[in-house]
Amino acid sequence: MTEKVEAEYKGGIHNYEAAIKDGKQQPYRHIGKYRVRADARKIVTGTATFLDDFTVPHMIYARILRSPYAHAKITRIDVEKAKAVPGVHCVLTYKDLPKGWILGWPPHKLLLDQTVYFAGDPVAICAADTKDIADEALELVEVEYEKLPAVFDAVEALKPDAPVIFPGKFKSGTNEVDPGVPHFQPEGPWWRMENGDVEEGFKEAKWTAEGMFEFNKMPAPNAPEPPGAIVRWEGGEDYTIWATSQSPYICKLYNEPRIPHSSLHIKTFNVGGSYGNKQSLSVTILCCALAAQVTGLPVKNFMSKTEQLVAHEQRLGSKIKAKIGLNEDGIFCAIKGCWYVDTGALADAVQGQVGVGLGEAQIVMAKCKNWDLDSKVVATNKCPAGIVRGYGGQELNSALARLMSETMRQADMNPLEVFKKNYISKGDKFIWRDGLWWQSRSSMMYPEAMQKTADVFGWDKKWKGWLVPTSVNGRKAIGVGMGVIGNADVGEDNTEAFVRVVGDIKGRGGRVIVQCDLTESGMGQRAAGAKFAAEVLHVPIDKVYVTEPDSINNPTNFGLCGSRGTITTGKAVTRAALDAKHKIQALAAAYFGNISPDQIEIENFQAFIRDRPDKCVPIKKLGPKDLNIIGYGQHIEQFDMPSCCCCFVEVEVDLDTGLAKVTRFMNGTDIGQIIDNRMVRMQLQGGIGSACLDTATYEECIYDTEGTGRMLTSNMLEYKWRPFNEFPQHKSAILESQPDSFMFKGIGIGEISGAASASATLMAISNAIGAVVNEYPATPAVILKAIKEKAKKA
Amino acid sequence: MLGRSTELFIESYRNTFAITKCGPPSLAGIRILSIKILSDKGEIWVEKQSVVFTVNGQKHEFLIGEKTGMVPPSETLVETLRKRLELTGAKQSCDEGACGCCTVIKDGDAIASCMILTVQCDGSEITTIEGLEDPVTHELDPIQKKFIDCYSFQCGYCTPGIIMSAKALFMKKPEPTAAEIRDALSGNYCRCISHYTVLEALDKLAGNKSDQYEIVNEAGEEK
C-alpha cells in the first residue's frame, strides 16, 4: 500500500456526522484519540469499587468444601458437627439440593451431587457469619468417598473401556457430549465443517502433512480478581445478584434457567480482569443463591486464588488429528480430520466455542475449497473448561497452525506469503458458529496489514527459511515465527441502547446519558460508549454519563465478548445518538421555521442554523418542559465482518539450557478505524496475558494423573507466568481502511490479539534450534530433547 | 496499656523489631503482644495489649484478641486495612504474596500486606494507595497523574499495588534506572497487560528512554 493511500485511509475522513463548517465536514473530535476513562481517577487512587470492596447489610459468607478426588462417590456425609459451630447458618450437601439446579448443556451436572467429577468439585456449602467460621465448620464435615476410575484425556475418554463420567446424560452413551448449543446455534447443532470434495482436493495437493497436534494443557486465564458474587433473595422468584461478571446479560441468561422459577437482577462493578472467563459464574452464583434461599440472608462467596485455579474455568483442551494439503500456488486445498475438545468435568456451552474454532480455521484458510473437519467435545475428570479470550479459535489454531506449518516447511514457502494468500478477503464465504453460510464484506487490506507488520518487524531480513536460525551468537540461537488468526464474532449477538439528552435547569449545558449495560472489565468500552455519543451529539466527553451496568435498569447488551463491543455498542449507541440528534433537528427546524432539519447543527446542548451561530436555541427549550429527548438504537447480530490479527515473535534459545525467551512480540491488524489510540494498543499488548503468548513456553496446568488426580499448579507460585521485568519488546502495526462496520468504521480486536502468538512462538523456537518443536509448552526439557534428537540424527 | 514513654521507646526502635509473639487470651479476651527489640543493650522484651500504627498519617490502636472489635493475632494487615479501616484500594487477591495486588508501603518499603500480621506492624508507619493524594488540595501524586496520562491500567485491579511498589522505589531513589523500575515491579502481577504503559509512565518520570514499547500521545497531548 502506498503512503498516499494509507494516509487517505487515516484520520476520520468519513465522519458524516461531524458538524459542517464553511461547507466542509470536520474531522473527528474524539474518535481515534486517547480520552481518559471516567473511572481513571478512581482506579489510580484505589477508590474504584470491585465486588470484594462492597458489602450488603446482614451479609453472610459462603465457603465451599471441595472434593479431594477426581472421580468418587460420596458414601457417607455428616454435617452435624459443622452445623453446631456458633455462627454457622447452614451447611448444605447434595441431600439438600432442590430439583432442577443443574449445570451444563445438555444439562448434565447437578450443582451438588453424590458423585464428584473432579478434584475441586463442590461437596458442601457452608454459610456463616464470617469466612473463617465457615472454613472452620467445613473442616468438621465428615465425608467418606468410594473412589471411581478417572480419565484425564479426551482421546482416552473416547476409548470403549474408558469410565463413563456422566452415564445417561449424553446421547452418545459415552463421554462424548452432544454437539450444538441452542443460544449460539438456534438453527440446530453444527459441529462439522464439510464442503467440496476432500479426496479431489488432496489430488490437487503437492504437499501434505498428517498427524496429531495438541494444545492440551488447559492453561488458566487467571484474572487478578477471583470470581465472586453476593446473592440476596428478595422473596418469591426475585434475586438481586452482585457479581464479578463482565456481562450482566450473559450472567442472567445462563443462571435463570438453573435456579428454577427465578428472576435475576444482575449488577456488576468494575471487574478485575476477565478475558471472557468471568461471565456466567454459575457455580458461585448458584451456591450463594441456594444458601440465600435457605437462610434468608444475603450470601457472599469470593473464591480464593487456589479455588480459582483448580475449580474455575480453564482453556479447553485441544487435539487435532488431521491431514492437510497445500498446492503449488501456496493455497491450502484440502483438510480432513477431527478436532478433539476436552471440556473437563462440565460442558457449559463449549459447543459454541467449537463452532467459532471451526469458523476461525476457515477465515485463516479461506481459499481452501475442500473441508471435512469433524469435532468431538469430550468430558473428562479435570477442572471444567470454559470461555476464555480466543474462544475455541485460539485453542484450535495453536494446534492446527503447527500442522499447516508442516506443509509450508515441505514446500519451503515463506509463511508470510502463504498466510497472506489464504486469508479471507471480501466476498469469500464461510460457515460461522451458527451453522450458516456468511460472506465477508470486511476489510480488503488484511494482507497489507500482515505485510506492514512484517516490515516493521523486519521479517524479510530475519526469516532465513524453515528450521534455519536468524543468527547464532555463541550458544544463543535466534529464531522468528509468525501466525495469523481472524474472528467473525465481532458482530455477534444483539444490543440496544438509549441515549438521553438532558438539559440543565437553564439549558446552557446538560448531560447526555447513555444506557447500554456496559461493564468495565479493562477494555475501556464504557469510555468508548461515551465517546460515540459525544462525537455524534457534539458535547464534551465529560458531559456524557454511561449508566451503571445492571440487567434491569438498562436495555439489552449481550456483553463484551468476542470483541463485539466496538461494532455492537458502537452501532447501538451511535444510532441512538443519531436518533436523538434527528429529533432535535426536527424540533429546531420547527422552532426557527422555514428551514430544513438538515440545516440544523448541534453543539454543547445548543441547536443552531448552520453557519449562523446567532440563530441558536438551547435544546432544552425545544421539547416539552422538563422532558428529555431520547434516542434509541440497536445492533442485530451479523457475522460478515471478520477481523484479522497477525503475530510476529522473535525468540532467543539457550542451546545449553534449552531455555527459550521471547525477546520481541509484535502484532498487527487492520482495525478499520482506531477508536482510541491507547486503548487499541493495550488490546494488542493483551495478547501476552490471559494464557496466550506464554502458553508456548511455560503456562500449563499440570495434573497428578497417576496419583491423586489433583491439579498441581494450584497456586501462583506453581502456575508459572512472566514477571514484570521479563517482558519482551512490543510493537504494533495498525491500518485503518474504513470498512462499513458502523458509523465510526472500527472493528474489535482484543479477542484474538494473542490467539496466534503461541503457534508463532513454536515456529520461532523450531527455527532457532533447527528442529521441529510441536509440544506446548516448549519448556527447556522439551527443547533440549529436540536438540538432542537432532544431534542424534546428524 | 503502655505509657507514652514506652510508645516513644518502641517508636525509636521500630525498624529493629525482630520478633513479635502473642500470649493466650486473658479473661477479658485480650491477648498480650510481646515484642523483642534488639538494641545496643542486648535483647529487650516489651509487652503490649494493643497494636498501634499509623496509616496515611492517622494513628490507629487496636486491642489484640478475639472479641468483637479486637484484632486477632492471625489477622493480616490487608484484612485490617480493608475490613476495619475501609481502605479497600489494596486488594486481597492471591493471599500468598505472589500477586502484589495488596502492596502497601510500610516504613518506606513496599510490602505484600497479605504476608504480614497486623500485630507485627506495631509502631509502623503505613501508606496505602488512598494516602498518596494530598488530603487538602486533592492533588494526585505524580505517579498517579502519569498513570492517567499514559493510560497505565486496564481493569485496574492490580494498579494500586503497582503504584505503591513504584512509589516505594521513587521515595528511595527519585530517578531510578530502567532496570531498577522493572525489578521493583517484579512482584506485581497484571494479567490484562498494562506493563508497557506502566513502564512508559515510570520511565518518563525517571527520565529514562526505552525502546521496549511504542509511545503515542498522552492525555494532555491529544487535542
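Helices (H or I, at least four residues) and strands (E, at least two) are DSSP runs, numbered from the N terminus. With that settled, I started on chain B.

**Entry 1: ground rules**

I am working on a predicted model, in which local features need pLDDT of at least 70, side-chain atom pairs count only at pLDDT 80 or more, and totals for chains, interfaces and linings use all residues. Residues are numbered from 1 along each chain as its sequence is written, while chains are lettered from A and ligands numbered from 1 in the order in which they are written.

**Entry 2: chain B overall**

I read chain B along the sequence and noted the pattern α-β-β-β-β-β-α-β-β-β-α-α-α-α. That comes to six helices and eight strands. Next I looked up burial (a residue is buried if 20 or more other C-beta atoms lie within 10 Å of its own, exposed if 12 or fewer, and partly exposed in between, with C-beta atoms placed from the backbone). Of the 223 residues of chain B, 48% count as buried. For contacts I used C-beta atoms, placed from the backbone, that lie within 7 Å. Of the contacts in chain B with a separation of 6 or more, 56% are between residues 24 or more positions apart.

**Entry 3: the two domains of chain B**

The domain assignment, which is automatic or from a database, gives chain B domain 1 (4-131) and domain 2 (142-221). Their centres, taken over C-alpha atoms, are separated by 29 Å. I found 14 residues from domain 1 of chain B and 13 residues from domain 2 of chain B in the contact. On the domain 1 side, strand E6 (103-106) and strand E7 (109-112) of chain B are the elements that give two or more residues. E6(B) provides the largest share of that side, three residues. I then sorted that side by class (Ala, Val, Leu, Ile, Met, Phe, Trp, Tyr, Cys and Pro count as nonpolar, Asp, Glu, Lys and Arg as charged, and the others, Gly among them, as polar). It has eight nonpolar, four polar and two charged residues.

**Entry 4: where chain B meets chain A**

Here 48 residues of chain B are in contact with 48 residues of chain A. Which elements of chain B give two or more residues to this side? I listed helix H3 (142-149), helix H4 (159-172), helix H5 (178-184) and helix H6 (195-206) of chain B. The residues on the chain B side divide into 24 nonpolar, 14 polar and 10 charged.

**Entry 5: strand E13 of chain A**

I moved to strand E13 (residues 228-233) of chain A, where six of six residues are buried. A:Gly228, A:Ile230 and A:Arg232 point one way, and A:Ala229, A:Val231 and A:Trp233 the other. The hairpin of E13(A) and E14(A) has four residues between the strands, and A:Gly235 takes a positive phi near 95 degrees.

Within it, strand E31 (residues 645-654) and strand E32 (residues 660-670) of chain A pair in the antiparallel sense over eight bridges, and A:Val649 stands opposite A:Phe665 in E32(A).

Then I checked helix H13 (residues 446-457) of chain A, in which 10 of 12 residues are buried. What covers its buried residues includes helix H12 (415-422), helix H14 (459-462), E23, E31, E32 and E33 of chain A. After H13(A) comes A:Gly458, whose phi is positive, near 85 degrees.

**Entry 6: one residue, A:Ala154**

A:Ala154 lies in helix H5 (residues 154-157) of chain A. Why does A:Ala154 count as buried? It does so because it has 27 C-beta neighbours inside 10 Å. Leaving aside neighbours within four places in sequence, its contacts include A:Gly317, A:Tyr340 and A:Val378.

Terms used:
Pairing = 2+ DSSP bridges. Contact = placed C-beta atoms within 7 Å.
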